[in-house]
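This report describes a structure for a reader who is meeting it for the first time. Please view the sequence and the model before reading on.

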Protein chains: 2
Amino acid sequence: MSKIAPISGFPELLPAEQVAFNHALNIISSTYQSFGFIPLDTPAVERVDTLLAKGAEEKEIYGLRRIQAEDEGAKELALRFDLTVPLARYVAQHYGQLNFPFRRYHIGPVWRGERPQKGRYRQFYQADIDVIGDGTLDLYHDAELPAIIYQIFTKLELGKFTIRLNNRKVLQGFMAQQGVEGTENIAAAMRVIDDLEKMPREKVLAQLSTLMSADNADHTLNFFAQSHDNQAWLTELEKIAENDVFKQGVAELQAVVGALYTLGVPDDAFKVDPAIARGLGYYTGTIYETVLHDYPELGSVCSGGRYDNLAEKFTNKPLPGVGISIGISRLLLPLLEADKVPLHGATMAKVLVTVQEREALPAYFELATILREAGIATEMFLEPKKLPKQLKYADKKGFQYIIFANADELAAGNVQLKNLHTGEQQEIAKADLVESLK
Amino acid sequence: MSKIAPISGFPELLPAEQVAFNHALNIISSTYQSFGFIPLDTPAVERVDTLLAKGAEEKEIYGLRRIQAEDEGAKELALRFDLTVPLARYVAQHYGQLNFPFRRYHIGPVWRGERPQKGRYRQFYQADIDVIGDGTLDLYHDAELPAIIYQIFTKLELGKFTIRLNNRKVLQGFMAQQGVEGTENIAAAMRVIDDLEKMPREKVLAQLSTLMSADNADHTLNFFAQSHDNQAWLTELEKIAENDVFKQGVAELQAVVGALYTLGVPDDAFKVDPAIARGLGYYTGTIYETVLHDYPELGSVCSGGRYDNLAEKFTNKPLPGVGISIGISRLLLPLLEADKVPLHGATMAKVLVTVQEREALPAYFELATILREAGIATEMFLEPKKLPKQLKYADKKGFQYIIFANADELAAGNVQLKNLHTGEQQEIAKADLVESLK
């Protein structure tokens, strides 16, 4: 039956995993919303030239073709490979109808036509949040985003995490002070520093020495190898900053850190880390990475930064923005596989109403309706099965509560309420059921 | 700038529409969940032979091809064109790991590679809900689904609606009694009756006469043209049913109607309508359609029914089910375009905290944090703009409340709270803010 075998690279979840996955999605979206971001959904399909407009040459894209139709040389279409290109196209296209700063989140799948391998997917979910300004965008937004991320990762309960924080201008200014000249060389030097943790000292020195003097390379390596707390790093950076870019970077970093404290983010949840650079070229100021202490092998599970111009390929209007993307599949799927994500049962309902006396079905229906109207998600067991089978079903799906009652109990207006998590069982009047379950 | 022009057939929404759209999605999913259905998400991509296994020959499918890679004769992949084929494949594939009855809902986009035209989309959302039994599935599920749909359409506030209810066995049994023989001919006769409203009497008679005697055709037409209330139809059907199929259909219909009342669905929300047949061949018992009284031109916006065997192409196990699908794009997009859907502003937040004194930003941040911690979604205006511009922004986005305060007020622990819907404004102590907004 090969036609129902999984397609490699298109992961899908069993119910209990799916519920846990959606539990996480809900935490993310409700937190985004609590900060005033709106949901936005763009089609999964964009024109190929839209997707390729922003330097996606290295990505493999799933093109679309209509089956059972002659090839008519129609314009090529393809599935999106990230949520940023569609955002840029959207903001450029609907510019006149949007209110700026434009705050949106987008949680959805993206597709990449690459060969699947462990930890790489051909369809995966991202949860992006961005603020786009019209011409300018205040630096306080650079602090609001990690404050949101802090709340989300606290609620996700995946253990300790650190939001790493830097500013590209700090790295750029530092490298210029070491005598590195030109955008290309400065970018190359930043990449070396970004890989500091993964490379042996000799190799780092050798690579830096192609871009600056040996003395400066040595100084650079020692500088970034320092370990400081947040305030000490800011002081250290302020002390050595000489050129304007460096000074501006330090000032921005100081302002973002100050605003983070104001927003209630504790000092041990983030780390000023002048060595992080982010691979993507379009970041121009603040940059973020997020690592889970218990799962360093996942790398950064939530990254982003400030960019000067979101949609330059689509419009002449300057649209600065700042954004963060949680790689939700990349984060959760390996942890689900390793049983590291708290599961909440294979049900979204809290209560299962069992049916002992089939002729009394209206009485059981009434119970379920009362609970639902009180906002308590409730499933009814409608198959004609004996109570033990119904209990087994409740147990397997992970309901927290079951309700059961025989004809005598129903006649007296009482039911049995059992908490399957604690094993506790009590006879309770129908009228007290809602309060007891709330 | 042609590369940012919309792609015909891939609709996308402006923020206020998107919020309204998601508002509806939330109503649907929370109601599904309150009935104990779990969310389930399958990849947007399935094998072509999986998609074609269930009679999709008439559908145009978007095939995928990897761009920038040599054609390697890899297995063809395509985007799903509905949510039912993936469900069948899923249940067959994961049969041993699911609890039956398996209750799931799936809200997501599907794709069709057809030529777009008014009211037809190449990507559109469906909100499907199904219960799948293992071998058997009790008839009460056929009543639970329309009870859920009743709650959803009540909450959607799109005016009056009617859930049309029938049972295929009623139609089959009736046609057999008129002398129509063979599955094909009975199906053809059902299709004629299904089109009764749209065709002139003479044409209906002519078509029926090819399948039965002229007398019987006349009788058939008169029978289905009758107008009865629900109970009268059930009585009428019971009276004339002679063969076993007909009798079973009537008994099932009676049971479903009885359970609907028990589940609290009022008599005027549904209509026993022996003339509806549903085009799709795989329904075998109960069938549903849903029409909005104010928008008959939309046709049925929510349809479904009972099927004997969900996944016969993928497994030998008999998996009976009953399901309903809300065509959420087909329902909402035309109504949004015609300004018929209540909008809730271009924001998910209730409150905008404005910033009058930039040096007092920590005090404003604190206000926003207090509100968020109380569960009140709150946005802060972080751009350095004068208050009138901030008010204009709040007004355009449709916030219900704004908060503003100058340095003196902040020092005294008070703020101004303005309800933008009523124009009402009051000075209020910071400590009373949450209670006042709840």
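## A helix pair in chain B

H9(B) passes H10(B) in a left-handed crossing, a term used when the near helix is turned anticlockwise from the far one by less than a right angle. Helix H9 of chain B spans residues 230–240 and helix H10 of chain B spans residues 244–262; helices are DSSP runs (H or I, at least four residues), numbered from the N terminus. The two pack at an angle of about 160°, with their axes 10 Å apart. H9(B) is therefore roughly antiparallel to H10(B), the term for angles over 145 degrees.

On the side of H9(B), the contact involves B:Asn230, B:Leu234, B:Leu237 and B:Glu238; H10(B) contributes B:Val250, B:Leu253, B:Gln254 and B:Val257. Residues are in contact if their C-beta atoms, placed from the backbone, lie within 7 Å.

## Basis of the model

This is a predicted model, in which local features need pLDDT of at least 70 and side-chain atom pairs count only at pLDDT 80 or more, while totals for chains, interfaces and linings use all residues. Residues are numbered from 1 along each chain as its sequence is written, and chains are lettered from A and ligands numbered from 1 in the order in which they are written.

## Chains A and B

Between the chains, 78 residues of chain A are in contact with 78 residues of chain B. Helix H1 of chain A (residues 15–34) gives the most to the side of chain A that touches chain B, with six residues.

A rotation of 180° with 0.0 Å of shift along its axis superposes chain A on chain B, with an RMSD of 0.1 Å; copies are superposed by least squares on the C-alpha atoms of residues with pLDDT of at least 70 in both. This is the relation of a two-fold axis.

How values were computed:
Axes fitted to C-alpha atoms, helices over the stretch in contact; angles between N-to-C directions. Parallel < 35°, antiparallel > 145°, perpendicular 65-115°, else oblique. Contact = placed C-beta atoms within 7 Å.
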